[in-house]
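Let's take a walk through a protein model together. Have a look at the sequence and the 3D picture before reading on.

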Amino acid sequence: MKAVIQRVQYSNVKIDGKTVGSCNQGFMILLGVVEGDTKDDADKLLKKVPFLRIFEDENGKMNLSCLDVDGEMLVISQFTLAADCSHGRRPSFIGAAQPSEAIPLYEYFVDGLRAAGVKRVETGEFGADMKVELVNDGPVTIILDSKEL
């Protein structure tokens, strides 16, 4: 399972021009479920993501987590994180989990963020053509892969 975490001042996701999810200060997370991922992979990310200390404290040091700053999160499914670009110029997405596998893990991850105490967690719509807007704060972008944790 792969996650691209961006510290944001604001983020939203729209489908057909209608906002379906948003967050204020916190994280906008692109989440990719890879073939063979399990709840164990989601749990590895859940042990890290809400507790990543990438918000500044009173001394300007990245020392506070999203939970510490009462931050919000927007989680968007992103199968293209499973892209294989090793051959040619057209990425292969064969490594992305099928929706029947990916949706339950995506929902499990979102529920896990809520259970960890994130005050507001919103989502896009799995498999939809989404337009994402964000104001990256910093910019700060962290990439996590459950296979490397």
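Below is a short tour, going from the whole chain to two of its residues.

First, some ground rules. This is a predicted model, in which local features need pLDDT of at least 70 and side-chain atom pairs count only at pLDDT 80 or more, while totals for chains, interfaces and linings use all residues. Residues are numbered from 1 along each chain as its sequence is written, and side-chain values use heavy atoms, with hydrogens and water left out.

**The whole chain**

You'll find two helices and eight strands in the protein chain. Here, helices (H or I, at least four residues) and strands (E, at least two) are DSSP runs, numbered from the N terminus. Starting at that end, the order reads β-β-β-α-β-β-β-α-β-β. The radius of gyration is 15 Å, close to the 15 Å from the globule rule for 149 residues, so the chain is as compact as a globular protein of that length. (That radius is taken over C-alpha atoms, and the rule is 2.2 Å times the number of residues to the power 0.38.)

How much of the protein chain do buried residues make up? They account for 40% of the 149 residues, where buried means under 20% relative accessible area, exposed over 50%, and partly exposed in between (1.4 Å probe, protein chains only). As for contacts (heavy atoms within 4.5 Å), take those between residues at least 6 apart in sequence: 73% of them join residues at least 24 apart.

**Two residues up close**

Now let's zoom in.

| Residue | Strand | Relative accessibility |
|---|---|---|
| Arg 7 | strand 1 (residues 2-15) | 5% |
| Ile 76 | strand 6 (residues 72-77) | 1% |

Is Arg 7 buried or exposed? Arg 7 counts as buried, because its relative accessibility is 5%. A polar atom of the Arg 7 side chain lies 2.6 Å from the backbone oxygen of Ile 54. Leaving out residues up to four places away in sequence, Arg 7 touches a list of others, including Gly 26, Phe 27, Phe 55, Glu 56, Met 62 and Asp 137.

Ile 76 is buried too, with a relative accessible area of 1%. Setting aside neighbours within four places in sequence, Ile 76 is in contact with several residues, among them Val 13, Leu 30, Leu 31, Tyr 106 and Val 132. And where does Glu 101 sit, 25 residues apart from Ile 76 along the chain? The C-alpha atoms of the two are separated by 16 Å.

Key. Polar contact = N/O pair within 3.5 Å; in protein donor to acceptor, adjacent residues only side chain to side chain.
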